[in-house]
Amino acid sequence: MNYDRSYNFSAGPATMPEPVLEEIRDEVMNYRGSGMSVMEMSHRSPVYQQIIDEAEQDLRDLMHIPDNYKVLFIQGGATLQFAMIPMNLMKNGVACYVETGAWSKKAISEAKKYGEVHVAASSKDRNFCYIPDCDDLDIPENADYVYICENETIHGVTWPKLPDTKGRVLVSDQSSMFLSKPCNVSDYGLIYAGVQKNVGPAGMVVVIIREDLIREDLDPRTPVYMSYKTHADNGSMYNTPNCWAIYCCGKVFKYLKSIGGLEEMEKRNIAKAQVMYDFLDSSKMFTGTVDKEFRSLMNIPFVTGDKELDAKVVAATKAAGYDNLKGHKSVGGLRASVYNAMPKEGVEALVEFLKKFEEENG
């Protein structure tokens, strides 16, 4: 179908698969004969229970999540997890963090409120354009976990391999690369992802946590909502959950299964990102800001080296129907977020536009 839709390169909330949006549109007034929208129905109703149960099972199928892991749908997005993780996992009051960009930096700042934080490695010396060597980290014996942001949305770096945690629990923020490729869940103690980048609408996070990490003996001042046990014991429905987001995410999980799962999604994402990186590597005007081996498949920052020219490019792309390409102020230039739902045709069209811009302004 023809829609008056732009190519949306936003870092989040981001583009969603059109087949999913069409399904949601068709059900928005009357969900499967229930006589009401999902936005209106009780989260305690049998029809909604089926929605959340199917969403969880489809995610388990997609990621091959082991039975000893809980899947939780929690409000507050990824930012709430910056506090919730140390509140729940800092049993000894000590944790290691790897600083690779803006989001791991924020997580470090929040975790320091709850215990001792060791920054085991950092790439801030070069404005986070690479992932530091984490094969032999200095991890204290009493560290409760090692924390990484596996894909930094702002700086466009991703981990080519996981760090050696020396037996400690690995915690990963996967917000901007969630479901973009296969994931061996058992390598982690906890994975979380704000859903508004690669899965659904804003306002929720998916947490995948190994059961032995769910504790009862938290600080008695811990808000009941901030305990993973609260959500695990109540099937993510201790209070009214983000019903709409869960419903939309469930649609996306089914869509991903229908196209061949995460293996197929990874192939598409590699091919799509390659179009952009091949252009940047051959361009005389535009340069990628990330060292090649750490380039993200999801978030691609690039610059001209001239702030005025950067602004001119951003204005030109916006006028041409390519939305949200302005780079973050900490990196500058432009950033194309090419999440799962961005079609390859969108990246190809953007590259053709940038080539033409370079020819006319070079």
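Author: Helices in this text are DSSP runs of H or I with at least four residues, and they are numbered from the N terminus. The model is predicted.

Reader: Where is the place of Ile270?
Author: Ile270 has a relative accessible area of 40%, which makes it partly exposed. The place of Ile270 is in helix 7.

Reader: Which helix gives the most to the lining of the second largest pocket?
Author: That pocket holds about 300 Å³ of space. It is lined by 18 residues, and the closest to its centre are Thr158, Glu293, Arg295, Ser296 and Leu297. The most, 4 residues, comes from helix 7.

Reader: How do the residues of the lining of the second largest pocket divide into nonpolar, polar and charged?
Author: Gly is counted with the polar residues here. On that basis the lining of the second largest pocket has 9 nonpolar, 5 polar and 4 charged residues.

Reader: Is His155 buried or exposed?
Author: His155 sits in the loop between strand 6 (151-152) and strand 7 (157-158). Its contacts beyond four places in sequence include Gly101, Ala102, Thr289, Val290 and Pro301. The cut-off for buried is under 20% relative accessible area. At 4%, His155 is buried.

Reader: What separation do the C-alpha atoms of His155 and Ser296 have?
Author: Ser296 is among the residues closest to the centre of the second largest pocket. His155 and Ser296 are 141 residues apart along the chain. Their C-alpha atoms are separated by 9.1 Å.

Reader: Is Phe128 buried or exposed?
Author: Both Asn127 and Phe128 are in contact with His155. Asn127 lies in the loop between strand 4 (116-122) and strand 5 (145-149), and Phe128 has its place in the loop between strand 4 and strand 5. Asn127 is partly exposed, at 39% relative accessible area. Phe128, at 6%, counts as buried.

Reader: What is the phi of Phe128?
Author: Asn127 has a positive phi near 50°, and it is not a glycine. Phe128 is not a glycine either, yet its phi is positive, at about 55°.

Reader: What omega does the cis peptide bond of Gly12 and Pro13 have?
Author: Pro13 lies in the loop between strand 1 and helix 1 (18-27). The bond that joins Gly12 to Pro13 is cis. Its omega is about -5°.

Reader: On which side of helix 9 are its buried residues?
Author: The buried residues of helix 9 are Gly346, Val347, Leu350, Val351, Leu354, Phe357 and Glu358. They cover an arc of only 130° around the axis, so they are on the same side of helix 9.

Reader: Which residues are exposed on the other side of helix 9?
Author: The buried residues of helix 9 pack against helix 7 and helix 8 (307-319), among others. Strand 12 (299-303) and strand 14 (334-337) are also among their partners. On the other side, the exposed residues are Glu359 and Glu360.

Reader: How far apart are the end C-alpha atoms of helix 2?
Author: Helix 2 (residues 46-63) has 18 residues. At 1.5 Å a residue it should span 26 Å. The model agrees, because the end C-alpha atoms are 26 Å apart.

Reader: Which residue follows helix 2?
Author: The buried residues of helix 2 include Tyr48, Ile51, Ala55, Asp58 and Met63. They are covered by, among others, strand 2 (69-75), strand 10 (204-210) and helix 6 (243-258). After helix 2 comes a residue with a positive phi near 50°, His64.

Reader: Which helices each supply at least two residues of the lining of the largest cavity?
Author: The whole structure has 2 cavities of 30 Å³ or more. The largest cavity holds about 130 Å³. Its lining includes Ile51, Glu54, Asp58, Tyr247 and Lys254. At least two residues each come from helix 2 and helix 6.

Reader: How many residues of the lining of the second largest cavity are charged?
Author: The second largest cavity holds about 40 Å³. Among its lining residues are Ala14, Pro17, Lys197, Asn198 and Ala341. The lining has 5 nonpolar and 4 polar residues, and the number charged is 1.

How values were computed
Residues are numbered from 1 along each chain as its sequence is written. This is a predicted model: local features need pLDDT of at least 70, side-chain atom pairs count only at pLDDT 80 or more; totals for chains, interfaces and linings use all residues. Side-chain values use heavy atoms; hydrogens and water are left out. On a 1 Å grid over the protein atoms alone, a cavity is a set of points where a 1.4 Å probe fits but cannot get out, and a pocket is an open set with protein on both sides within 12 Å along at least five of seven lines; lining residues have an atom within 4 Å of a point. Grid points are joined across faces, edges and corners, and a volume is the space filled by probe spheres set on the points. Buried means under 20% relative accessible area, exposed over 50%, partly exposed in between (1.4 Å probe, protein chains only). The arc is that of the directions from the helix axis to the C-beta atoms. Contact means heavy atoms within 4.5 Å. The expected span of a helix is 1.5 Å times one less than its number of residues.
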